[in-house]
Amino acid sequence: MSLILILEQILNGLQFGVMLFLMAAGLTLVFGVMGLINLAHGALYMVGAFAAAIVAAWTGSFVLALAASLVAAAAAGALVELLVIRKLYDRDHLDQVLATFALILVFSEGTRWIFGSFPLFLDVPSYLSGPVTLPGGIQYPLYRLTIIAIGLVVATGLFWLIARTRIGIQIRAGESDREMIAALGVDISVLYTLVFALGAALAGLAGALVGAIQSVQVGMGEPVLILAFVVIVIGGIGSIKGAMVGALLVGLTDTLGGVFLPRLFGLFMEPASATSVGASLASMLIYILMAVILLVRPSGLYGGQS
Amino acid sequence: MGRERLLNAGVILLLLMVPLWAWSADEPFLITLATKVAILALAGVGLNIALGIGGLVSLGHAAFFGIGGYAMGILAAHAQNYEPLMQWPMLVEGTNQMPLIWLVATASSALAALVIGALSLRTSGVYFIMITLAFGQMLYYFAISWSAYGGEDGLSIWVRNEFPGLNTLVPLQFFLICYVILCLALWFSARLAHAPFGLALAAARQCEARVETVGITPYKLRLTAFVISGAITGLAGALFADLNRFVSPTMLSWHTSGEIMIFVIIGGVGRLFGPVIGAALFILLEHFLGGISDYWQIYLGGLLLMIVLYARGGIIGAISGREVAHD
């Protein structure tokens, strides 16, 4: 096992973590500001990926495809917020879980109806494909590096939006006291729709970016959704910083565990059983990580009150 | 209250009459459908103890359903191949006897519920929902990567397991087994709700501080309820696997958790017969909408949205007319 392999896997973990952050940011924002638990977030990720795949097939432009993923997911998010979600803010979590689960059924089956069960393909554009040589002689795919870069730029933008802009102040104020911010003349329902659309757009972007590595298909959002939940539970619900730390932690743990656990077991077991034991344990590793963190801090790393 | 009792009696009688009629009319498929309703209702009765009485929104009950299923699959597969389950430190053989399988299924899912509950109940509200969801997924991915028992493809057994004195391959006889277990679980659940334990559990849902003031620890109550709830759902899982003679990671997926929750909520949360009515409606919808369109889940989703948004209290709530009545 060489140093280069370890560094490569750390970059893979970073890329996965950045993706998870884009998913988790929307979830945690919506929960923090509106107290809403949204299971349909994975459906918006899927909408983004499908929009990107279609636009890429029409126009051949990857940049346009990414733009389409943002627009389509934001539009779907805003529509869902206006039609369904806004009736759920004052309900208990049970109703929210059920209604957003129902939305998943509608979105998944609707997409299957329109596009069929076969996956669509979204190709990495030629100018982003192929490896680059990093300092130290590591060959790494340019596209994955681009994902990391886009993710970090978006994350910085999000931090800036929340911490420095007027709308960010309103969002944070809505988080602590929605009556007060409404009394100050902010149209709270418009604000909520905006926040929801923003979270949706981030999820859609993540879907499009990942769609070029994996295939674009119905149900693709759900495994990611569960991981995003793990991320925000680890980070502390409502905290963007927690989502960032949690996402990187989960991304690195999952990637490194998957590669190195089987090898670790291989040191003292026969190869075949080491691979299977290592792989099963690796697939559970992040949940074990979550359980351990919650044992120490029941409301997550950066969570205030639960 | 009178109306709800009447409805309950009607539902449980109907669930018995339909297969009996189907048997005389020689329609085995209808019996299988009714068996599915009884088993899924049993899973819902399990969840309803945590969800309805205890107010614990567990989105990970598929874990227990699946553990029950795998308990059946593993024991039966070993019995089928004559391979002992383990040889050290003592010889343990597989089995195809239902009562023994049920015991193992119930005990192992109760144990899992104890571990998962003990960790998850340290948190509450949305954290609890997500943690139970994550634990469910943990087991789901474990089952997928566990190649010794079929991994992603699942595990089939050739012949349905045996019950002393009955022929379980006859659809009606297997239905009756499931029906009797469902009735016992309903009876147990009703007793539990009225026992001091159930009352304290319901009180902890309504006002935690008061329960603590009286000197009862809500954590212990909830953990006990969670374990009972997991055990009943695990038993349902073993029966479900036996019905299909097949178990796969799908039983553990969070979609299954969502569906079990749907049964409870369509029927009415905290209502004794909520899960029965919910499961029956779900299976009927699946069957008839599935016949109309391949994309029936769109309609299911739409219907579910309508119920959540406009018909709170589920079907029993809509019929018997009271917002919350626990029993």
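Start by selecting A:Glu109 and A:Arg112: both sit in helix α4 of chain A, three residues apart, which is about one turn of the helix. (Helices here are DSSP runs of H or I with at least four residues, strands are runs of E with at least two, and both are numbered from the N terminus.) Their side chains meet in a salt bridge, 3.3 Å from N to O. The term stands for a side-chain nitrogen of Lys or Arg within 4 Å of a carboxyl oxygen of Asp or Glu.

Are these two buried or exposed? A:Glu109 is buried, at 7% relative accessible area, while A:Arg112 is partly exposed, at 27%. For these words, buried is under 20% relative accessible area, exposed is over 50% and partly exposed is in between, with a 1.4 Å probe and protein chains only.

A quick note before moving on: this is a predicted model, where local features need pLDDT of at least 70 and side-chain atom pairs count only at pLDDT 80 or more, while totals for chains, interfaces and linings use all residues. Residues are numbered from 1 along each chain as its sequence is written, chains are lettered from A and ligands numbered from 1 in the order in which they are written, and side-chain values use heavy atoms, with hydrogens and water left out.

Now colour the two chains differently and look at where they meet. The contact (heavy atoms within 4.5 Å) takes 49 residues from chain A and 45 residues from chain B. About 4,300 Å² is buried between chain A and chain B, and carbon and sulfur atoms give 79% of that. Buried area is the accessible area, with a 1.4 Å probe, that two parts lose on being put together, summed over both. On the chain A side, pick A:Leu94, A:Leu98 and A:Phe101: they lose the most area to chain B, together 15% of what that side buries.

Which elements of chain A give two or more residues to this side? They are α4 (93–115), α9 (221–235) and α11. The one that gives the most is α4(A), with 16 residues.

Then go to B:Arg222 and B:Glu208, whose side chains meet in a salt bridge at 3.6 Å, N to O. B:Arg222 lies in helix α9 (residues 218–244) of chain B and B:Glu208 in helix α8 (residues 208–214), 14 residues apart. B:Arg222 is buried at 14% relative accessible area, whereas B:Glu208 is partly exposed at 37%.

Back in chain A, find A:Gln9 in helix α1 (residues 3–34). A:Gln9 is buried, with a relative accessible area of 10%. Leaving out residues up to four places away in sequence, A:Gln9 touches A:Thr255, A:Leu256, A:Val259 and A:Phe260.

Last stop: A:Leu295, in helix α11 (residues 271–296) of chain A. A:Leu295 counts as partly exposed, at 42% relative accessibility.
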